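Here is a friendly briefing to read beside the model. It covers a pocket and a sheet.

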Amino acid sequence: MSEESDLEKTEPASPRRLEKAREEGQVVRSRELGTFVMLMTGVIGLWTMGGTLGRKLNAVMHGSLAFEPATAFDTNRMLSQFAMAIFDALLAFMPLLLMFGVAALVAPLALGGWIFSTKSFMPDFKRLSPLSGLGRMFSAHSLVELTKAIAKSALVGCVGGWMVWRKLPEAIALMSAPVEEAMLHTMEIVLYVCGIVAGSLLLVVALDVPWQLWEYYKKLRMTKEEVKQEMKETDGDPHVKGRIRQQQRAMARRRMMTEVPKADVVVTNPTHFAVALRYDEKGGWNAPRVVAKGTDEVAARIRELAAEHRVPVLSAPPLARALHRHVELGHEIPAGLYTAVAELLAWVFQLKNWHYSYGPQPDAPSDLAVPDELAVPESRA
């Protein structure tokens with residue numbers, strides 16, 4: 001049972017899964033929304049430009065039917081006049097066609113946006129399988145589409161029939177009106193009925209868009225195993241990442257150890273902590289810096305290198321703990337430790353002079369004061 005539950009797609013699609021689906025041409029689409037936008041565009045276009053379109057087409061019709069007798073016996077003139085009539089008709093329809101073009105481009109932005117993918121054109125031979133075709137025919141998606149088509153047809157039929165019934169007396173009354181007035185009023189009635197019928201499809205769109213969104217995200221759901229695998233591919237295998245971090249720490253430790261011979265002094269705890277300090281006044285340093293620090297084995301290695309290169313080592317547990325806790329590697333010591341470190345460096349300077357026989361052997365400082373706000377209890381170190 002546990003294996004079956006793991007294979008159930010219960011997890012929402014990850015951003016990477018959604019992006020991959022988009023690259024493959026899979027985005028949310030609602031044909032009902034596109035149909036509604038195109039129909040309303042046509043109705044609005046004819047309503048606003050119908051008079052101008054009618055006059056231009058009327059002029060094209062008059063120009064096409066009225067020609068000189070010589071034109072009937074001249075094929076070239078006849079073809080030229082025919083081509084000119086087609087060109088004028090296209091110019092008359094051009095504003096309406098532009099409106100359709102803009103609507104066709106804007107409609108996809110409402111859901112999935114524009115997408116350019118060539119993967120949708122790649123042949124998929126699985127679609128040629130009769131079993132797959134039967135499965136699609138009797139699937140839940142097909143049942144919903146069938147129900148939606150029946151409901152849409154019923155809605156359009158009812159609204160259209162109701163509007164025709166309402167406008168029927170008005171249309172019958174036009175039989176006694178002048179021809180031009182009757183044609184103009186008939187066009188207004190037709191556009192009004194078409195607008196109401198097209199507007200009724202907004203109800204279908206309001207139901208179809210949420211359904212398409214739900215079905216799209218349901219299809220892209222992932223199993224728990226897929227989520228784990230994607231996390232491994234995205235973030236890397238935890239074991240590999242741990243190994244990389246271990247190597248990075250080892251490299252940083254080796255770089256740090258190369259700074260110990262250059263240090264001025266090493267402060268110890270005396271065994272658990274070791275911190276190497278260096279002050280380069282010529283380098284423009286404002287205060288001494290921590291060039292190496294570590295605990296246990298690393299601290300032992302720092303002490304070994306200090307002994308090999310004759311770097312002074314002083315056991316000062318409170319100062320060592322404070323430096324290790326509060327100062328990052330390569331950073332300057334805080335102002336609160338200036339006094340203690342200055343006393344420490346003074347001892348180092350005196351110690352160097354003693355080595356060169358320039359004075360008596362200095363006593364190692366035994367009580368380097370650490371402010372309370374920087375003090376670290378031994379139990380927390």
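**The second largest pocket**

The largest share of the lining of the second largest pocket, nine residues, comes from α3. This is a predicted model, where local features need pLDDT of at least 70, side-chain atom pairs count only at pLDDT 80 or more, and totals for chains, interfaces and linings use all residues. Residues are numbered from 1 along each chain as its sequence is written, and side-chain values use heavy atoms, with hydrogens and water left out.

*Pocket*
- A pocket is an open set of points on a 1 Å grid over the protein atoms alone, where a 1.4 Å probe fits, with protein on both sides within 12 Å along at least five of seven lines; lining residues have an atom within 4 Å of a point.
- α3 (31–65) and α8 (179–219) each supply at least two lining residues; helices (H or I, at least four residues) and strands (E, at least two) are DSSP runs, numbered from the N terminus.
- Of the 15 lining residues, G50, G51, G54, L184 and M187 lie nearest the pocket's centre.

*Sheet*
- Four strands make an open sheet with mixed pairing, in the order β3-β2-β1-β4; two strands pair if DSSP finds at least two bridges between them.
- The edge strands, each pairing on one side only, are β3 (289–295) and β4 (313–315).
- β2 (residues 273–278) pairs with β3 in the antiparallel sense over six bridges.
- A276 sits opposite A292 in β3.
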